[in-house]
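Hi there,

Here is the structure I promised to pass on. Have a look at it first, and my notes follow below.

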Amino acid sequence: MTDSVKFWFDPSCPWAWMTSRWVAEVAETRGFEVTWCVMSLAVLNEGNEVSDEYRAFFPRALKYTRLVQAAQELHGQKTVKALYDALGTRIHPGGSTQPDEVIPAALAEVGLPASFADWADSTEYDEQMRASHFDGINRVGQDVGTPVIAVNGVAFFGPVVSPAPQGEQALALWDGVVAVAGYDGFFEMKRTRTVDPIFD
């Protein structure tokens, strides 16, 4: 049976980026499609007490989330993945914190017009963005973050990995994670992170 996989991400989250690289490799090797869906750390933290520094990050993060949701609405899944790749490469391994630099370069890479950048500041598709967010988060509960993955209807947060596994390790981790998540009584496995995101 071919796996049915959905992946929810906030483009600004480095941990989601790491996991997405792993999932994309497994999907290519195993020959299944991934439906890429946005979620939002800003929406997730509405009403929560967070640091001023973290709160100041939300407007920038929303720009990228809104841009990707607009790509979904106007151009479909193929463009969502391409745009996520182009944005994420600049945000994460590229280390850019400037949307005015990241967005035009990413749009040019995927062949979208420069004017598409206007969607980063538009609320027109916020309803769809929030619906996508809650579709993911409601499958796993409010006490987690991004990414969320659903495999054949079974959803889980994470895994949080660094660096992204490759080759046989990537496949072995996938099989293990899917097997664990498939047990209805399984809820949590965690250890303290000892490394930051390692971008290859």
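A word on terms before we start: helices here are DSSP runs of H or I with at least four residues, numbered from the N terminus. Please also keep in mind that this is a predicted model.

With that in hand, take helix α3, which holds both Tyr-54 and Phe-57, three residues apart, or about one turn of the helix. Their rings form a stacked aromatic pair, 5.7 Å centre to centre with 10° between the planes. Tyr-54 is partly exposed, at 29% relative accessibility, while Phe-57 counts as buried at 14%.

Altogether there are 13 aromatic pairs in the structure. Another of them joins Trp-17 and Tyr-84 edge-to-face, at 5.5 Å centre to centre and 90° between the planes. Trp-17 sits in helix α1 and Tyr-84 in helix α4 (residues 77-91), so this pair ties together parts that are 67 residues apart in sequence. Both are buried, Trp-17 at 5% relative accessibility and Tyr-84 at 0%. They also belong to one aromatic cluster with Phe-7, Phe-9 and Trp-36.

The largest nonpolar core has 59 residues, and Phe-9, Trp-22, Trp-36 and Leu-87 have the most contacts inside it. Helix α3 (residues 52-75) gives the most to this core, with nine residues. Among the residues that Leu-87 touches are Tyr-64, Leu-67 and Val-102.

Finally, the largest pocket holds about 1,700 Å³ of space. Its lining has 45 residues, with Phe-157, Gly-158, Pro-159, Val-160 and Met-189 nearest the centre. By type, the lining divides into 27 nonpolar, eleven polar and seven charged residues.

Happy exploring!

Methods
Residues are numbered from 1 along each chain as its sequence is written. This is a predicted model: local features need pLDDT of at least 70, side-chain atom pairs count only at pLDDT 80 or more; totals for chains, interfaces and linings use all residues. Side-chain values use heavy atoms; hydrogens and water are left out. A nonpolar core is a set of buried Ala, Val, Leu, Ile, Met, Phe, Trp, Tyr and Cys residues joined through side-chain atoms within 4.5 Å. Buried means under 20% relative accessible area, exposed over 50%, partly exposed in between (1.4 Å probe, protein chains only). Helices (H or I, at least four residues) and strands (E, at least two) are DSSP runs, numbered from the N terminus. Contact means heavy atoms within 4.5 Å. On a 1 Å grid over the protein atoms alone, a cavity is a set of points where a 1.4 Å probe fits but cannot get out, and a pocket is an open set with protein on both sides within 12 Å along at least five of seven lines; lining residues have an atom within 4 Å of a point. Grid points are joined across faces, edges and corners, and a volume is the space filled by probe spheres set on the points. Ala, Val, Leu, Ile, Met, Phe, Trp, Tyr, Cys and Pro count as nonpolar, Asp, Glu, Lys and Arg as charged, and the others, Gly among them, as polar. Rings of Phe, Tyr and Trp (its six-membered ring) pair if their centres lie within 6.5 Å; planes under 30 degrees apart count as stacked, over 60 as edge-to-face and the rest as tilted. Lists of a residue's contacts leave out its neighbours within four places in sequence.
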